[in-house]
Amino acid sequence: MIVIVDLCVVPIGVGVSVSEYVTACERVLREAGLKTFMHAYGTNIEGEWEEVFAAVRSCHETVHEMGAPRISTTIRLGTRTDRAQTMEEKIESVERKLNDETSIASCRRVR
């Protein structure tokens, strides 16, 4: 089953900056060959359920090996059975609607 996950891994007890831990986790995801999109507060991941969650586990193991005594992780996920849908398709759908609204709003202002 294909899953799209929004993952935010936060090491606890390592100080204020966590970028080196985030970098290590991003490296794990890329080495797993998963489709990813990093954003300011996490990473979107797309792939087969087992592969995605194996990589999430590997992120935890890696961050613990780096010395983080605790990790708090937030995961939001979605699956579909009616059709396949990629991360890009989800974004494009919303952008099309925004563009349509902008076009409609422009037409209304012209009148």
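Modeller: Strand 1 and strand 3 run antiparallel, joined by 6 bridges. Keep in mind that this is a predicted model.

Colleague: Okay. Which residue is the bridge partner of leucine 7 in strand 3?

Modeller: Threonine 43 is the bridge partner of leucine 7. Another pair is isoleucine 2 with glutamate 48 of strand 3.

Colleague: And how many bridges join strand 1 to strand 4?

Modeller: There are 9 bridges between strand 1 and strand 4, residues 70–78. These two strands also run antiparallel. Isoleucine 12, for instance, has arginine 70 as its bridge partner in strand 4.

Colleague: What about strand 2 and strand 3, parallel or antiparallel?

Modeller: Antiparallel, with 5 bridges between strand 2 (residues 35–39) and strand 3. A hairpin of 2 residues links strand 2 to strand 3. Threonine 36 sits opposite isoleucine 45 of strand 3.

Colleague: Let's zoom out. What is the order of elements from the N terminus?

Modeller: They run β-α-β-β-α-β-α. That gives 3 helices and 4 strands in the protein.

Colleague: Is the protein a compact globule or more spread out?

Modeller: More spread out, because its radius of gyration is 18 Å, well over the 13 Å that the globule rule gives for 111 residues. The C-alpha trace spans about 65 × 35 × 20 Å along its principal axes.

Colleague: What share of the residues counts as buried?

Modeller: Of the 111 residues, 27% are buried. The protein exposes about 7800 Å².

Colleague: Now the inside. Which residues touch the most other members of the largest nonpolar core?

Modeller: Val5, Leu7, Leu29, Leu34, Ile45 and Val52 do, in a core of 17 residues. Strand 1 (2–12), helix 1 (19–31) and helix 2 (49–65) each give two or more residues to this core.

Colleague: Which element gives the most?

Modeller: Helix 2, with 5 residues.

Colleague: Switching to rings. How many aromatic pairs are there?

Modeller: The count comes to 1. Tryptophan 49 and phenylalanine 53 form the pair. Their centres are 4.9 Å apart, and the planes are at 35 degrees.

Colleague: Why is that pair called tilted?

Modeller: Planes under 30 degrees apart count as stacked and over 60 as edge-to-face, so 35 degrees counts as tilted.

Colleague: How far apart are tryptophan 49 and phenylalanine 53 along helix 2?

Modeller: They are 4 residues apart, so about one helical turn separates them.

Colleague: How exposed is tryptophan 49, and what about phenylalanine 53?

Modeller: Tryptophan 49 has a relative accessible area of 33%, so it is partly exposed. Phenylalanine 53 is at 24% and also counts as partly exposed.

Methods:
Residues numbered from 1 in each chain as written. Predicted model: local features only at pLDDT ≥ 70, side-chain atom pairs only at ≥ 80, totals over all residues. Heavy atoms only, no water. Core = buried A, V, L, I, M, F, W, Y, C linked by side-chain atoms within 4.5 Å. Buried < 20%, exposed > 50% of the residue type's maximum accessible area, 1.4 Å probe, protein only. Phe/Tyr/Trp six-rings, centres within 6.5 Å; stacked < 30°, edge-to-face > 60°. Pairing = 2+ DSSP bridges. Rg over C-alpha atoms; globule rule 2.2 N^0.38 Å. Areas by Shrake-Rupley, 256 points an atom, 1.4 Å probe, with all protein chains shown as cover.
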